[in-house]
Amino acid sequence: MKIVVCVKQVPDTETRVRIGPDGRSIVDTDVNWIVSPYDEFAIEEALRIRDAKGGEVVLVTAGPERAQSALRTGLAMGADSAVHVKDAALDATDTAGTARILAGAVRTLAPFDLVLCGQQGVGGDNSQIPGLLAELLDLPQVTVAVKIDVGDGRALVEREIEGGRETWETNLPAMISAQKGLNEPRYASLKGIMSAKKKPIRVVDAAALGLDPAALAPKVRVTALELPPPRAAVQMIEGDPENQARELIRLLHEEAKVI
Amino acid sequence: MPGVLTFGEQRAGKPRRPSLEVVAAARRLADVLGATVSSVLVGPDAAAAAGELASFGADRVHAFEAPALATYATESWARAVAQVVAEIKPRIILFPFTATGKDLAPRVAAKTGAGLASDCVELQLKDGRLVARRPMYAGKAYATVEWTGEPQMASLRPNVFPLGTPDPARRAEVRKGVVDTAARARVTGVTAAERGKVELSEAQIIVSGGRGLKGPEHFHLIEGLAEALGAAVGASRAVVDAGWVDHQLQVGQTGKTVSPTLYVACGISGAIQHLAGMSSSKYIVAINKDPDAPIFKVANYGILGDVFDLLPRLTAAAKAHSTARGA
């Protein structure tokens, strides 16, 4: 099986967000960059399927120079090769443009059996790339997967929904997006880290993928980015536990009026 | 007439609440624009939901009722919505940011060429164009977004947009639609979670537990208070990663971002990625032994104390409160 995994490099979830001087982006100079956690589930699942059925795992990312370290992380986990799309157009584009770029890169890897993504890129939090990519690549999609069983030409997938799970059946090739709970991603071994340095990363730009720059113009633009409004100071409830409990319930009912 | 189009979810002719919130939001925009509100409903009995949608503001309902559309399939449902988009050319398309909406909206955006902003918490019109506000970094920051073209498509976070007062006298014109129902991936079954459990993202009240509970065997204290308050149960990443509870309960970055009217954090210190996911709650209660716990910085009410002393007493007080109110 040939499995393509789309990965995104994102700020560590522990990052304290500061707004940049342009008022539209975050200060990213002291950010610790990681592979988006949901993409790690996708990489892990791809490796498990490959190890069970044979084949190869190819990583694809779109991002600046630093994004290469996200690919190295995935290669160190055990992926076989990677494609890095690096293009100035990426700075200004949106999810639609990013999906076009990724779709262009994934097409160069055809034929493949499966395309995996994280169900959400941490930070942008759009949850759009899997669906956009599936449509652009004309693939069936199953998103937010917590269980994947790959069979002959099809896969059974469990998907998380509000208050339960859906079972899906899909033809292959398909696009499946990974949710937390799908697996426990492995840590790269020292041997993995060493061998990752020798694994091939193909670097391409949008033109090499045959993409028209006009098609990458953003449809949605961030015009301002702000920190959330500060919250009111805390009112501490004193007394013994019995009185604290009663007083809290009273305040929630009489003052906050929420119960 | 160019207007506002919404996607609605229904089960057995009963629209789901987030879909009604979306129709109500669409109505408010359409009133300013002098436009109509159309809604797409898919599934047998879809038209039966038209009346309720109308009462919240829909002027027209496009119902796709083929038996093959009874269970959700992204491709055929996206085709249905895209067909209506091609027919009525809406300026604005609104989806609920629910499990189904989250799956479907991007596919429709790619089919129709619409720009999509996900998980919006505020919509406004500026010179007749849509301006939205949406959280990024799980709520550590809020972005204002604008669209460069049309259709302007947004998915709306459940539980944030007001329903308003329904007008039972309002009626919607129902149009039945037909679409190719072929799909290469489809739902073959649904397993519901335990009965009576309140879903986190739609809950008005959430009671969450963290490491302060010391072990999974004590998590019933959280469940007890949640039950007494009619609340959903949440958890911090620490206890999810430790395997105490299912990750579906995780609040924060890499879990769910929630905005209930009341969030009760028990034994949760308030790691930055947890605060990101819940600090837009209207009221926050923090119960913690550590006076320096960051959770107190976002809380409205704080109790410095032991969750083992407080939770049983709070549960009893909450039960007494609801009994007194019910009497």
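Colleague: How many residues does the contact take from chain A and from chain B?
Modeller: In this predicted model, the contact takes 72 residues from chain A and 74 residues from chain B.

Colleague: Which helices and strands of chain A supply at least two residues each to the side that touches chain B?
Modeller: Among them are helix 4 (95–107), helix 5 (129–136), strand 7 (141–150), strand 9 (164–171) and helix 7 (241–254). Helix 7 of chain A gives the largest share, 10 residues.

Colleague: And by class, what's on that side of chain A?
Modeller: You get 35 nonpolar, 20 polar and 17 charged residues there.

Colleague: Back to strand 9 of chain A. Which strand of chain B do its bridges join it to?
Modeller: That's strand 13 (residues 185–192) of chain B; 7 bridges join the two, and they run antiparallel. For one pair to click on, G164(A) has A192(B) as its bridge partner.

Colleague: Switching topic: what span should helix 1 of chain A have, and how far apart are its ends?
Modeller: Helix 1 covers residues 37–53, so at 1.5 Å a residue its 17 residues should span 24 Å. The end C-alpha atoms are 25 Å apart, which agrees.

Colleague: Which residues in helix 1 of chain A are buried?
Modeller: Y38(A), D39(A), E40(A), F41(A), A42(A), I43(A), E44(A), E45(A), A46(A), L47(A) and I49(A).

Colleague: Last one: how is chain A divided into domains?
Modeller: Into domain 1 (2–216) and domain 2 (231–259), with their C-alpha centres 46 Å apart.

Methods: Residues numbered from 1 in each chain as written. Chains lettered and ligands numbered in written order. Predicted model: local features only at pLDDT ≥ 70, side-chain atom pairs only at ≥ 80, totals over all residues. Contact = placed C-beta atoms within 7 Å. Helix = DSSP H or I, 4+ residues; strand = E, 2+ residues; numbered from the N terminus. Nonpolar A, V, L, I, M, F, W, Y, C, P; charged D, E, K, R; others polar. Pairing = 2+ DSSP bridges. Expected span 1.5 Å × (residues − 1). Buried ≥ 20, exposed ≤ 12 C-beta atoms within 10 Å, placed from the backbone. Domains from an automatic or database assignment.
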